[in-house]
Amino acid sequence: MLTAAMVVALAGCGGSPTSTTAAVPSPAPSAAGLSITDPWVKTTKKGMTAAFGTLVNDGDTAVTIVSGATPLSPMVELHEVVESGGKMVMRPKAGGFVVPPHGTHQLQPGGDHIMLMGVAQAVRPGARISFTLQVKDGKPFEFTAVGKDFAGGEEDYQPGHK
């Protein structure tokens with residue numbers, strides 16, 4: 001895993017998708033009771049992008065997402081955005097994403113998200129991107145996200161920051 005942090009321009013941390021592409025139907029909940037609503041990926045020509053949506057846990061116990069994968073990217077990390085030294089910094093989320101029992105966990109610009117690095121092909125509005133999330137002590141959870149334009153600023157990847 002890449003341990004470098006990423007600096008996010010504050011302008012890139014807020015807002016909402018600018019396109020209104022039809023929503024991708026959520027898959028049936030996994031054995032762990034996990035599903036996702038409104039999964040989307042920021043459009044890009046290549047390089048970096050991120051995936052967002054709301055993880056939903058209908059089960060009686062917390063579900064922890066520990067990693068992710070997609071054919072779109074050779075490097076996928078679970079990230080959070082935190083303040084560090086007066087700047088908003090993206091970094092891998094220690095322990096992964098925890099979705100409480102009968103609760104949700106929001107993946108959104110400026111917050112927790114699924115980071116894709118080394119993307120070699122364009123993601124256009126309406127593109128369908130498959131993902132697999134690994135659940136701690138459980139079977140993988142698969143879903144499809146749709147490409148959407150995003151009005152936020154451009155994130156800068158800065159190697160060497162920890």
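**Getting to know strand 2**

Trainee: How many of the nine residues in strand 2 (residues 34-42) are buried?

Mentor: This is a predicted model, where local features need pLDDT of at least 70 and side-chain atom pairs count only at pLDDT 80 or more, while totals for chains, interfaces and linings use all residues. Residues are numbered from 1 along each chain as its sequence is written, and side-chain values use heavy atoms, leaving out hydrogens and water. Strands are DSSP runs of E with at least two residues, numbered from the N terminus, and buried means under 20% relative accessible area with a 1.4 Å probe, protein chains only. Strand 2 is mostly covered, and its buried residues number seven.

Trainee: Which residue in strand 3 (residues 47-57) stands opposite leucine 34?

Mentor: Two strands pair if DSSP finds at least two bridges between them. Strands 2 and 3 run antiparallel and share six bridges, forming a hairpin with four residues between them. Opposite leucine 34 stands asparagine 57.

Trainee: What is the bridge partner of tryptophan 40 in strand 11?

Mentor: Strand 11 (residues 141-148) runs parallel to strand 2, with three bridges joining the two. The partner of tryptophan 40 there is valine 146.

Conventions
Buried < 20%, exposed > 50% of the residue type's maximum accessible area, 1.4 Å probe, protein only.
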